[in-house]
Amino acid sequence: MPANLPPDAKSKWNEVTLTKNPETRLQLMGEFLSLVPKHKGTEKMCNQVKRQMAQLREEIEKKRQQAKKTGSGGPSYYIPKAGAAQMAVIGPANAGRSSLLKAVTNSPVEVTAWPFGTYKPTPGMLPYQDIQFQLVEIPPIVEGSSEGRSEGFMNLACIRNADGVIVVVDMTDDPAGNYLMVKDELENARILIDPPMGTVEIEKRGSGRDIQFIWEGELVDCSQEDIIQLLAGYRIKSALVRVKGKVSLDTVEDALFGNAVHRPTFVLANKIDLNNDPAMLEQLRETAAPLEVIPLSLEKTQNLDTLIGSKIFEMLNITRVYTKEPGKEPATDPIVCKPGATVGDLARLIHNDFYERFKYARIWGPAAKFDNEKVGLDRVLLDGTVIQLYT
Ligand SMILES: Nc1nc2c(ncn2[C@@H]2O[C@H](COP(=O)(O)OP(=O)(O)OP(=O)(O)O)[C@@H](O)[C@H]2O)c(=O)[nH]1
Ligand SMILES: [Mg+2]
């Protein structure tokens, strides 16, 4: 991010950051780009802004379609979430994504011997224990997806919308190389699949004239001065910057643009019935580390539903809570909460009324010190907790 932008570009960006309305924001971003001199030093930032614009266009279009609710028209790219979590199933063409949906979901996907058989996002439900996961097959990721190639913008918007990602690669077709291609395209669109090393929070302040840091981590490829300069380039002269974990200048950029997301991910090394070369698998594992790589054959491996279901369950740290009324058995259908959710979060999730009128709760199971324990709003829930709310 160059700090030497012309003043009119800087003040235009300032306008962008102050604007919430998506249409106006889009227009201002376009005006901002026209004010930025085009050279190597500004290329990365321009691309990032362009991607953010593409995403905004996507959101605007989505809203328009929802408003119209015509139910007609071209392929629908927006897949409403269902079940305990939505997982985007992605990969290069012909890797076996449809085969995964065919093996573990009820989806009428078509497995084709030729690539690009799937041309629009296609959902299916995978039952796992007493919940279901929604898998959405995303059309192939190609080199240039993040520049809009092969419906790239729409595909990436769907991936961004999901709760997690499964990358399928083909062991007979340069798995490590293809994995990197996919990862790069996601990264260009600021969808990060490696666990984040650190985060930055930037709280702009109206008054005061300096940048203050709160250190809960360290900088890895930049100095404090670099960050101050970067912020100054965007006319941020007074702010509180909280550094957590290992933070690079990219992390600061992401915090500034508010555009990067992390999606928990695992990798399926498919078609091991055709190629089970240990060296190739090792190379893929090294390339994808620290992500888990699971070698399998989506056509031959048995019990794929349990395997895939349990991997998703563990990775997303699914927390099922069973509500109960006095004198009755707990509900058979759980409520799925975010990991680390509290009794208060659950009450809000059920209905704001429950939260407002909450008196106390009684809990059983792993989150309880003993059965029938009386707890308040801030008790953290664990998978398998039974709860009775009193209002
Ligand atoms: N031998 C073998 N073939 C497989 C396996 N998984 C998928 N295939 C074959 O690979 C081809 C592509 O499979 P799909 O599931 O359609 O792949 P895709 O990723 O959905 O591909 P597109 O959406 O068409 O780009 C088909 O001919 C499948 O039969 C496997 O584990 N072993
Ligand atoms: Mg397919």
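Me: Where is the place of Val321, which strand?
Reply: Val321 is in strand S12, residues 319–323. Keep in mind that this is a predicted model.

Me: Buried or exposed, Val321?
Reply: Buried. Val321 has 26 C-beta neighbours inside 10 Å, so it counts as buried, the cut-off being 20 or more.

Me: Which residues is Val321 in contact with, leaving aside neighbours within four places in sequence?
Reply: Pro334, Ile335, Cys337, Leu346, Leu381, Thr385 and Ile387.

Me: And how many Å apart in space are Val321 and Pro108?
Reply: 31 Å, C-alpha to C-alpha. In sequence, 213 residues separate Val321 and Pro108.

Me: Switching to helices. At what angle do H6 and H9 pack?
Reply: About 20°, with the axes 8 Å apart. H6 covers residues 175–188 and H9 covers 278–288.

Me: What does that make H6 relative to H9?
Reply: Roughly parallel, because angles under 35 degrees count that way. The crossing of H6 past H9 is right-handed.

Me: Which residues make the contact?
Reply: From H6, Pro175, Ala176, Tyr179 and Leu180. From H9, Met280, Gln283, Leu284, Thr287 and Ala288. By type, that contact of H6 with H9 has seven nonpolar residues, two polar and no charged.

Me: Now domains. What does the assignment give?
Reply: Domain 1 is 1–67, domain 2 is 85–193 + 263–316, domain 3 is 198–257 and domain 4 is 319–390.

Me: How many Å separate the centres of domain 1 and domain 2?
Reply: 31 Å, taken over C-alpha atoms. Their contact takes four residues from domain 1 and seven from domain 2.

Me: What residues are on the side of domain 1 that touches domain 2, by type?
Reply: One nonpolar, one polar and two charged.

Note on methods. Residues are numbered from 1 along each chain as its sequence is written. Chains are lettered from A and ligands numbered from 1 in the order in which they are written. This is a predicted model: local features need pLDDT of at least 70, side-chain atom pairs count only at pLDDT 80 or more; totals for chains, interfaces and linings use all residues. Axes are lines fitted to C-alpha atoms, for helices over the stretch in contact, and angles run from 0 to 180 degrees between N-to-C directions. Helices (H or I, at least four residues) and strands (E, at least two) are DSSP runs, numbered from the N terminus. Angles under 35 degrees count as roughly parallel, over 145 as roughly antiparallel, 65 to 115 as roughly perpendicular and the rest as oblique. A crossing is left-handed if the near helix is turned anticlockwise from the far one by less than a right angle, and right-handed if clockwise. Two residues are in contact if their C-beta atoms, placed from the backbone, lie within 7 Å. Ala, Val, Leu, Ile, Met, Phe, Trp, Tyr, Cys and Pro count as nonpolar, Asp, Glu, Lys and Arg as charged, and the others, Gly among them, as polar. Domain bounds come from an automatic or database domain assignment. A residue is buried if 20 or more other C-beta atoms lie within 10 Å of its own, exposed if 12 or fewer, and partly exposed in between; C-beta atoms are placed from the backbone.
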